Every structure is written in structure tokens, then in C-alpha cells.
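This report looks at a ligand shell and at an annotated site, taking the shell as its starting point. Please look over the sequence and the structure before reading on.

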Amino acid sequence: MTAMPTLVADTGPGSQPVTLGPVLSIFDPVHIGIDEFGQPVRVPLIYRNMLIGGEPGAGKSALLNAVVAHAALSLDCRLVLLDGKLVELGQWRACAEPGGFVGPDLDAANKLLKRLQIMMDRRYAYLVDCERRKVAAGDAFMPYVVAIDEIAYFSATVGKKQDREEFAALLRDLVARGRAVGIIVIAATQRPSSDIIPTSLRDLFAWRFAGRCTSHSSSDIVLGHGWAQQGWTANSISPTNPGVGLLIAEGGTPQLVKTAYLDDATCAAIARYAATLRTTVNRQAATDTGQQPGAADAA
Ligand SMILES: Nc1ncnc2c1ncn2[C@@H]1O[C@H](COP(=O)(O)OP(=O)(O)OP(=O)(O)O)[C@@H](O)[C@H]1O
Ligand SMILES: [Mg+2]
């Protein structure tokens, strides 16, 4: 948890202002579940990306929601959500940037990723001017968490081929170059196949989580080639145990994890609280500086 100025929400006429509770930081590791020994598994996400793969019902969206919950409560990051199903991340839409929630709309998804790409280029131009190589906590430029559920919907299912290819190219660029400027991509896919996740893209994700997969080769597509042969395969996970998967970090070995699960009511409650925190802090910042949030990126 991070020390923040006390936030006081004005709850409207006739009500007393409410002092809001503590917040999280995107620079802190994110709790994603427990390991085989019941110990917490926390993953640092800043300067990293995460790929989540697995068959339908494996628990991908549940993990995505756990990460988005941490991000939503982290007032030192902004949130962008792309959700082909609309309802998987829909509860967090009030926490997203203005225009930062896209449902099943490829055109809007491409426009949003394009905006992020322009912002990324500007941030690099700024960093090089300051003779720096990456953003840090406390910078005017806040990290962005970009959560995508599901990649294949946008890159291989809907719309025109040219637009799908544009989506894939924009996503690859953000994953490849976004890390140092604080763009954290967390992307889920139901179809861990080489056309959706070519090896060159997979290897750009520092964290990879394979929920139950239909074959050893799908598991390897998420975790990396050769792990199934060494006995690490998400194909052996029981279909009746959603949320269990193999997590691997760049250069590490897979570890078995049971992800944290937030049911609908809990997600909704956290999302409401996070939205209140975000509105309050944005309002206070606008009053203090006369600037809208995100002004540093627009400059
Ligand atoms: N960590 C968990 N603990 C307990 N139950 C879980 C967990 N994760 C998922 N589940 C259960 O599994 C169901 C399916 O999970 P989820 O929707 O995340 O799957 P998915 O992989 O996103 O599926 P799809 O590919 O169809 O979108 C959830 O509704 C929930 O009941
Ligand atoms: Mg899902």
C-alpha cells in the first residue's frame, strides 16, 4: 500500500464528506493467487506485460479481473480496457480513462491502440530529451494498464482482414516498446495457437499464465517451447479446477498457481470504490493545478 494524501469524497447534498481509505500502487507487486503451499503469489507488473492463455472456462477472465482490480485501486496508473465480450471487464468501465473502455468494436479498438501508440512515442521523445530511459514512480506520466479480453476476437475473428492485421501490429508494438514508458499490457486468449500468439510475440510477455489447455502444444505456446516435454503442461490441469494454471516469468521455471477469485458482487463493490477514489483524486488534481488528468501526455 502506498501513502497518499487523504482523499475526501463529497457524497452529495445533505451528506457528510467521507474520508476514503488506502490505495494501492502499480509499482507494487500484484497479488494474483496462491502457490501449491498456500503462499501468496505476487507479481511485479511495472515494466512488464502478462499473457493469459487457456481453454474456455479455464479462469482467464477471473485472473484478468484480479489484476484489473489492483490497477483500478492504484491511483498512480491509468486504465484502458478492451473487452470483446463486454461483460468480462465491463464492471470496471467507470475506472477506465475517458474513452478507454472498448467493447466488441474492432474499429474503436484500433483507434484506442493508435492513441496509445502516439502517446508512447511522445513519452519516448520526452524521456530522450531528459536523458532518461524509463518512467519512474512520481513522474507526471503515469503508467497505463491495458487489459485485453480476448486477443483473438480482435486479431482473428471480427471485421476486415486489414483491420485485424492493424490490431495485431498495434498490439505487438505496444507490447514490444511500451514497457519503459509504463505501458503494461495484460492480454488473455482462449486460442493459444501460433497464428494468434506467434513465438516472437509470446516472448515479449515477461509473465505468462497457462490455465488448463486442450493440448500440450497449446500449453507450450503460452509457456514456451519444450516445457510440456519436461512435464510442465497445463493440459494436465483438471477441467473441474478453474483458476489453476502454470505461471512462468522470463527466464524462470513454471509454478503452479491457483488464482485469486473475485465474484461479481465483490468486483462490483471494488469497482465502485475505485471509481469513487479516481473521481475524487482527479477532481482534487484539477482544482489544485487547473489541469485535467492526462494533461502531461497531451502536452
Ligand atoms: N480462481 C478461481 N477460483 C474459483 N473459481 C474460479 C476461479 N477462476 C475461475 N473460476 C470459475 O470458473 C468460471 C470461468 O472462469 P472465467 O470466466 O475466468 O473463464 P475464462 O477462461 O475467461 O473462460 P472463457 O474463455 O469462456 O472466457 C468462473 O465463472 C468461476 O466460476
Ligand atoms: Mg473469459
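## The shell around ligand 1

In this predicted model, the shell around ligand 1 is made up of 5 nonpolar, 8 polar and 2 charged residues. There are 15 residues around the ligand, and those that come nearest to ligand 1 are Gly-59, Ser-61, Ala-62, Pro-242 and Gly-243.

Two elements, helix 1 and strand 12 (255-259), each supply at least two residues of this shell, and helix 1 gives the most, with 3 residues.

## The annotated binding site

The unreviewed UniProt entry records a "binding site" at Gly-54, Glu-55, Pro-56, Gly-57, Ala-58, Gly-59, Lys-60 and Ser-61.

## Lys-60 and Ser-61 in helix 1

Lys-60 belongs to helix 1, which covers residues 60-73, and Ser-61 lies in helix 1 as well. Lys-60 is buried because 28 other C-beta atoms are found within 10 Å, and Ser-61 likewise counts as buried because it has 21 C-beta neighbours inside 10 Å; the cut-off for a buried residue is 20 or more.

When residues up to four places away in sequence are not counted, Lys-60 touches Ile-52, Gly-54, Ala-188 and Gly-211.

Technical notes
Residues numbered from 1 in each chain as written. Chains lettered and ligands numbered in written order. Predicted model: local features only at pLDDT ≥ 70, side-chain atom pairs only at ≥ 80, totals over all residues. UniProt positions renumbered as here; feature names shortened; annotations may be inferred. Helix = DSSP H or I, 4+ residues; strand = E, 2+ residues; numbered from the N terminus. Buried ≥ 20, exposed ≤ 12 C-beta atoms within 10 Å, placed from the backbone. Contact = placed C-beta atoms within 7 Å. Near = placed C-beta within 6 Å. Nonpolar A, V, L, I, M, F, W, Y, C, P; charged D, E, K, R; others polar.
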